[in-house]
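Please look over the sequence and the fold below before reading on. The text then goes through the structure step by step.

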Amino acid sequence: MTCMSAMILRECRVPGCDDVVDVTIENGAVTAIVAHNDASASRAAQITNVNRAAHATHAAGADDAADAADVINADGRWIIPGLWDCHTHFTQWAKTLGRLDLITARSAAEAMALLRAHLDERRKAGTLDPSRFVVGMRFRHSLWADSEQPTLAAIDEAAGEQPVALSSADMHCGWVNSAAARLLGVHPDPVTGLVGELEWFDAYCKFDAAPGAAEETDRLLREAQADAAGKGVVGIRDYEMAENIDSWIARFAAGIDGLRVDAGVYPERLQAAIDAGWHTGDELPGSRGLGHVGAMKMISDGSLNTRSAYCSTPYSGITPPTYGVLSYTPEQIEDYMRLATEHGFAIACHAIGDEANTIVLDAAERTHAHGSIEHAQMLKPTDIPRFAALGLAASIQPQHAMDDRDVIGRFWANPAGIPYAFRSLFEAGATLRMGSDAPVAPLDPWLAISAAAFGTESSEREPFQPEQCLDVRTALAASTALGRDHLRPGDAADLVLLDCDPYALESPESMRAMPAHVTATMLAGHWTYQAC
């Protein structure tokens, strides 16, 4: 990547208006934004005219500074702040680039056909070690017919003694064969072969300790960072189920430094982090300001697709009736929140079902916790205003609404709350942050922006809950660390250049194609991506 201590980006256009600006960058920060159309009363000109006054005292040296800077003509490309994915499991996302992907399977039979083909291909290539796990990702059995659900018999027949473990798209359950179950020490359902929730989370982490896993992970992490930069991404919140602080210190030391990273801490590791003196916001050593300790990430309940999100009304079409499950008791949730808050940690609490959200909000109110509720997929109307009242951000993943819209009708036919209440949260004053939950959905903010704004993946299909759609400007702002869609002097030099105006797009297809229109991405004054 190329780094300049000082540069001027000339003739950058501001999305959604006619402004053209020059942006001055020094030592990794935006130091000046000067509009060409000084008489304009537009938003960008108002911002930059304030900046002009601040710089008036050394205007005489401006020409000298410009001569010393590297001047780059943006040729009228549109400039936006760098994009963030505010909810990722980054290691697992990276590994989707090298593992069997089952997202296209429409039945258990299709999934097993993909598995057989994958095993055959690896046998022919000589890369199939009978002692190592074959791992697959992203099967979505909630969309499969009742007669096409996973079975232990089917995966045993397809895999034999080769240990095979397949993770569901939402990562809340795994489908394993008997050989894998023995090695992992898990207890799959004897009929379905499924392992759920905490038992699966613990088992999944064991794959990272397999022989050769570290070298493969390093390579895939670098690929994933490059892929993200090509989409305009400059930062992530990483909620990998691992010791994230130490992991990211080691990664930055190894030169895996293409993104800003907030490294989350899970409850079971919170006391160790406290004892080590960490707090949310602390800089990770050796990261040059790119890495920081993130929030305490807690998973309060399950997921819709595994029918384990904790709800106040039973799931439809399920016998015997089920309301989902809590991963921790309400008392444990409150205790962990209190411990985090008293020791300088923000919270990032996963809550999907409406009753889980109520419990989490209650605990946050009693402990004065700050941070975010992750997902907030179904909310009672009375809980929606509580986000703003408690100062908690709603960390949403709009692409999940596209993936779940058909599942909602199947399992949440009679909800007590509002699913995917994006607009309602925004109008109630909640701060919105957007992300992917990668690998549950692809790490691509443009997919999230498109889903939030258009409510559908295809112009041929009607929007899902159009009353909950956001305007594009709000969705883009929620996909940045700044919470706004434009740069200001004093911001970090994290930015993206585009060859089209995202506010001029009129279809979900065109918004979802925006990664092809990213021409350059800058992180702290470094180019991390430049189109050929």
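The paragraphs below go from the whole chain to its sheets, its helix pairs and some backbone details.

The model is predicted, and local features need pLDDT of at least 70, side-chain atom pairs count only at pLDDT 80 or more, while totals for chains, interfaces and linings use all residues. Residues are numbered from 1 along each chain as its sequence is written, and side-chain values use heavy atoms, with hydrogens and water left out.

The secondary structure of the protein chain comes to 18 helices and 24 strands. Helices (H or I, at least four residues) and strands (E, at least two) are DSSP runs, numbered from the N terminus. Along the principal axes, the C-alpha atoms of the protein chain fill a box of roughly 80 × 55 × 55 Å. A compact globule of 532 residues would have a radius of gyration near 24 Å, and the protein chain, with 24 Å, agrees with this. The radius of gyration is taken over C-alpha atoms, and the globule rule is 2.2 Å times the number of residues to the power 0.38.

Two strands pair if DSSP finds at least two bridges between them. Gly371 stands opposite Leu392 of strand 19.

An open sheet of 5 strands has mixed pairing and the order 8-9-10-11-12. Strand 8 (100-101) and strand 12 (194-196) are at its edges, each with a single partner strand, so one side of each has no neighbour in the sheet. Strand 11 (residues 173-176) and strand 12 run antiparallel, joined by 3 bridges. There, Cys173 has Gly196 of strand 12 as its bridge partner. Helix 7 (residues 197-205) lies across strand 9 (134-139), strand 10 (164-168), strand 11 and strand 12, and runs at about 100° to strand 12. Axes are lines fitted to C-alpha atoms, for helices over the stretch in contact, and angles run from 0 to 180 degrees between N-to-C directions.

How do the helices pack against one another? Helix 10 (residues 267-275) and helix 11 have axes that come within 11 Å and cross at roughly 25°. Helix 10 is therefore roughly parallel to helix 11. Angles under 35 degrees count as roughly parallel, over 145 as roughly antiparallel, 65 to 115 as roughly perpendicular and the rest as oblique. Helix 10 passes helix 11 in a left-handed crossing. A crossing is left-handed if the near helix is turned anticlockwise from the far one by less than a right angle, and right-handed if clockwise. Pro267, Leu270, Gln271 and Ile274 of helix 10 make the contact with Tyr336, Leu339 and Ala340 of helix 11, where contact means heavy atoms within 4.5 Å.

Helix 11 (residues 330-342) also packs with helix 12 (residues 354-367), at an angle of about 40° and with the axes 9 Å apart. The two helices are therefore oblique to each other, and the crossing of helix 11 and helix 12 is right-handed. By class, this contact has 7 nonpolar, 2 polar and 3 charged residues. Ala, Val, Leu, Ile, Met, Phe, Trp, Tyr, Cys and Pro count as nonpolar, Asp, Glu, Lys and Arg as charged, and the others, Gly among them, as polar.

Helix 14 (residues 398-411) and helix 16 (residues 445-454) pack at about 65°, with their axes 7 Å apart. Helix 14 is therefore roughly perpendicular to helix 16. The crossing of helix 14 and helix 16 is left-handed. Pro398, Gln399 and Met402 in helix 14 meet Leu447, Ala448, Ala451 and Ala452 in helix 16.

Some backbone details remain. Most residues other than glycine have a negative phi, and most peptide bonds are trans. The peptide bond from Thr319 to Pro320 is cis, with omega near -5°, and Pro320 is in the loop between strand 15 (291-299) and helix 11. Ala438 and Pro439 are also joined by a cis peptide bond, with omega about 15°; Pro439 is in the loop between strand 21 and helix 16. Glu197, a residue other than glycine, has a positive phi near 50°, and Glu197 lies in helix 7.
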